[in-house]
Amino acid sequence: MNNPTLNEAASAEPILRVKNVKTHFKSGVGANKLVVKAVDGVSFDVFRGEIFGLVGESGCGKTTLGRTIIRLYEPTDGSVEFLGQEVSAGYESDHEAIREAKKILKTESDPEKKRQASELIRKSRKEIARKKQLNKKRNTEVMNKMQMIFQDPIASLDPRMTVKEIIAEGLRIAGVKKEEEIIRKVNDVLETVGLVPEHSNRYPHEFSGGQRQRIGIARALIINPEFLIADEPISALDVSIQAQVINLLNELRHKLGISILFVAHDLSVIKYISDRVGVMYFGNMVELAPADKLFANPLHPYTRSLLSAVPLPDPNYERRRKRVRYKPDTTVDYVADPQKFQEIEPGHFVLANEAEMKKYRKILGQNV
Ligand SMILES: Nc1ncnc2c1ncn2[C@@H]1O[C@H](COP(=O)(O)OP(=O)(O)OP(=O)(O)O)[C@@H](O)[C@H]1O
């Protein structure tokens with residue numbers, strides 16, 4: 001992927017690489033077998049110090065993708081690399097390769113082709129075994145550098161634990177035993193998120209929603225992560241305090257150099273906080289660009305429809321505004337001219353076939 005324009009806090013070194021990740025949920029058997037392709041082949045990088053916004057309507061697979069990245073779900077296919085290491089991988093395409101090779105063994109008479117098919121089966125089986133092994137083991141040192149902030153601070157904090165106990169849990173799991181060290185670290189992190197040491201002996205119900213989210217952020221920060229996944233971190237909060245939490249996350253990225261994958265359905269928040277934005281639709285990424293480019297020149301019809309739904313604080317504009325509903329164009333022949341996720345201007349990617357690329361190039365004023 002090309003090096004896009006990044007916020008000055010960010011560097012062009014990827015901290016996370018998501019490579020053609022698929023996460024499918026299977027249920028039922030035989031004729032009742034159902035497969036939900038929650039994430040169906042998504043690729044992107046997150047750079048150091050960058051805030052990457054992931055946006056899309058409910059059900060498009062944002063949460064599933066975040067959970068796959070942090071290893072709550074195993075990918076069905078593709079792989080996730082974090083801090084330069086492969087941390088999980090799926091093997092559906094290896095199974096597919098084996099099935100295809102077996103067909104060749106059954107039908108071909110050409111000995112060379114048969115030899116190649118046998119070799120492919122051997123290699124694919126080896127890959128499957130390697131990936132299963134990878135998914136089983138957990139490199140705690142690497143994975144501790146990735147933490148999650150949840151949508152609902154009330155549901156994610158144990159009501160019977162004090163703030164100190166909640167925040168210190170990660171330290172204890174990491175093997176820190178000295179009480180003074182724990183107290184010092186908890187107090188430091190409370191300060192980082194805008195709370196004070198006196199808060200540490202209270203219980204979650206004694207705090208407002210915004211403060212609880214700060215506690216959730218402190219809990220994530222205590223073991224010095226380099227990457228945070230913030231899944232709808234403000235959508236359960238009052239509008240009046242949403243901005244405070246957003247500003248806090250932005251500050252953390254500048255002060256601590258942390259990268260953030262910010263998942264949201266609300267484009268106005270994404271626009272404000274993100275360096276780059278990925279737009280998801282039904283398990284696929286349909287557009288990815290630096291935030292300013294995406295908002296200046298949205299190309300994919302789904303991105304356009306999402307943008308048309310962002311309210312502006314201008315009543316005249318609001319009255320005139322037409323909301324476009326996105327209906328995928330059923331007249332386009334994607335079999336003859338298949339869609340690819342391709343770069344149309346530096347750092348700006350769109351899911352399109354060649355006919356659509358021509359149209360989009362015109363919109364951008366490029367010579368076609
Ligand atoms: N554990 C699961 N088992 C089966 N299907 C699932 C599971 N989790 C999610 N799904 C399905 O996968 C699709 C994507 O869901 P996901 O929660 O990732 O979307 P989302 O964009 O995060 O939506 P929301 O904002 O509502 O959480 C949906 O159709 C959902 O019903």
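How many of the 368 residues of the protein chain count as buried? The share is 37%, where a residue is buried if 20 or more other C-beta atoms, placed from the backbone, lie within 10 Å of its own, exposed if 12 or fewer do, and partly exposed in between.

## Basis of the description

This is a predicted model, in which local features need pLDDT of at least 70 and side-chain atom pairs count only at pLDDT 80 or more, while totals for chains, interfaces and linings use all residues. Residues are numbered from 1 along each chain as its sequence is written.

## Overall form

The protein chain has 14 helices and twelve strands; these are DSSP runs numbered from the N terminus, helices being H or I with at least four residues and strands E with at least two. Along the principal axes, the C-alpha atoms fill a box of roughly 80 × 60 × 40 Å. A compact globule of 368 residues would have a radius of gyration near 21 Å, and the 23 Å of the protein chain agrees with this; the radius is taken over C-alpha atoms, and the globule rule is 2.2 Å times the number of residues to the power 0.38.

Among contacts between residues at least 6 apart in sequence, 65% join residues at least 24 apart, a contact being a pair of residues whose C-beta atoms, placed from the backbone, lie within 7 Å. The domain assignment gives domain 1 (1-83 + 226-336), domain 2 (93-144) and domain 3 (154-225), with bounds that come from an automatic or database assignment. The contact between domain 1 and domain 2 takes five residues from domain 1 and four residues from domain 2.

## The sheet of eight strands

Eight strands form an open sheet with mixed pairing, in the order β6-β7-β8-β3-β9-β10-β12-β11; two strands pair if DSSP finds at least two bridges between them. The edge strands, β6 (146-149) and β11 (340-345), each pair on one side only, and the twist averages 20° from one strand to the next. Within this sheet, β7 (residues 227-231) and β8 (residues 259-264) pair in the parallel sense over five bridges, with I229 standing opposite L261 in β8.

## The sheet of four strands

Four strands form an open sheet in the order β2-β1-β4-β5, with antiparallel pairing. Because β2 (34-47) and β5 (85-89) stand at the edges with a single partner strand each, one side of each is left without a neighbour in the sheet.

Strand β1 (residues 14-27) pairs with β4 (residues 77-82) in the antiparallel sense over five bridges, and L16 stands opposite F82 in β4. Helix α1 (residues 62-69) packs on the sheet, touching β1, β2 and β4, and its direction makes about 115° with that of β1; axes are lines fitted to C-alpha atoms, for helices over the stretch in contact, and angles run from 0 to 180 degrees between N-to-C directions.

## Helices α6 and α8

In helix α6 (residues 163-173), the residues V163, I166, I167, A168 and G170 are buried, and the buried residues of α6 pack against α7 (179-192) and α8 (209-221). Just after α6, G175 takes a positive phi of about 95°.

Helix α8 is also the place of I217, which is buried because 26 other C-beta atoms lie within 10 Å. Leaving aside its neighbours within four places in sequence, I217 is in contact with I149, V193 and L248. The C-alpha atoms of I217 and M148 are separated by 8.4 Å, although these residues are 69 residues apart along the chain.

Conventions: Contact = placed C-beta atoms within 7 Å.
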